[in-house]
Amino acid sequence: MKKFLVLFLAYCVITPMACWAGVADLYYKLGVVKVKFGMDTSAIKDFTKVISLNPDDTLMVDAYYSRGASKYTLGDNTGAVADLLKAISINPQAATTTATYDVLCKAMTAMGNTPGALLYCAKALVK
């Protein structure tokens with residue numbers, strides 16, 4: 001383990017951007033595993049860490065989507081909508097999936113935003 005840590009730190013000194021991208025990817029994967037085990041509160045922290053590391057657009061979109069979905073699961077509909085719309089704003093092609101629209105539809109329904117819910121429910125059905 002000590003040898004791995006030394007090699008990893010050396011790698012980070014030589015290629016800092018690649019190093020942080022690798023760390024962001026690890027945090028994202030850890031968050032995904034936590035979601036699968038129903039640990040959404042802890043997963044949100046991991047997805048937030050990914051976002052703070054400012055990875056490439058694809059991972060950023062995935063982190064915002066995953067954090068938004070976890071917030072929805074925990075009943076934070078306002079936070080879910082904000083994260084999901086942020087994912088769409090970063091990369092509309094990558095984020096506009098049926099899953100994104102489905103969670104937006106459900107969160108807006110729970111918030112009582114019927115026009116918004118209908119818009120995203122319709123988009124989910126078209127995708």
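A surface patch, as the term is used here, is made of residues with over 30% relative accessible area and no salt bridge, with nonpolar side chains joined within 5 Å. The legends below describe close-up views of a predicted model.

**View A. Nonpolar surface patch formed by Val 33, Phe 37 and Met 39.** Met 39 is placed in the loop that runs between helix 2 (16–36) and helix 3 (40–52).

**View B. The largest nonpolar core, a set of 14 residues.** Within this core, the residues that touch the most other members are Ala 24, Tyr 28, Val 50, Ile 51, Leu 59 and Tyr 64. Two or more residues are supplied by each of helix 2, helix 3 and helix 4 (57–73). Helix 4 gives the most, contributing 5 residues. Another core, of 13 residues, lies apart from this one and has Ala 80, Ile 88, Leu 104 and Ala 117 among its members.

**View C. Surroundings of Leu 59 in the largest nonpolar core.** When residues up to four places away in sequence are not counted, Leu 59 touches Ala 24, Asp 25, Tyr 28 and Val 50. Of these, Ala 24, Tyr 28 and Val 50 are listed with Leu 59 among the core residues that touch the most other members.

**View D. Ala 63, a buried residue of helix 4.** The relative accessible area of Ala 63 is 0%, and this residue is therefore buried. Beyond residues up to four places away in sequence, Ala 63 touches Tyr 28, Phe 47, Val 50 and Ile 51. A separation of 8.8 Å lies between the C-alpha atoms of Ala 63 and Asp 46, although the two are 17 residues apart along the chain.

**View E. Polar contact between the side chains of Asp 83 and Lys 71.** Asp 83 belongs to helix 5 (residues 77–90). Its relative accessible area is 4%, so Asp 83 counts as buried. The side chain of Asp 83 makes a polar contact with the side chain of Lys 71 at 3.2 Å. With neighbours within four places in sequence left aside, Asp 83 is in contact with Tyr 64, Arg 67, Gly 68 and Lys 71. One of these residues, Tyr 64, is also named among the members of the largest nonpolar core that touch the most others.

Key: Residues numbered from 1 in each chain as written. Predicted model: local features only at pLDDT ≥ 70, side-chain atom pairs only at ≥ 80, totals over all residues. Heavy atoms only, no water. Patch = residues over 30% accessible without salt bridge, like charges linked within 9 Å, V, L, I, M, F, W, Y side chains within 5 Å. Areas by Shrake-Rupley, 256 points an atom, 1.4 Å probe, with all protein chains shown as cover. Salt bridge = Lys/Arg side-chain N within 4 Å of Asp/Glu carboxyl O. Helix = DSSP H or I, 4+ residues; strand = E, 2+ residues; numbered from the N terminus. Buried < 20%, exposed > 50% of the residue type's maximum accessible area, 1.4 Å probe, protein only. Polar contact = N/O pair within 3.5 Å; in protein donor to acceptor, adjacent residues only side chain to side chain. Contact = heavy atoms within 4.5 Å. Core = buried A, V, L, I, M, F, W, Y, C linked by side-chain atoms within 4.5 Å.
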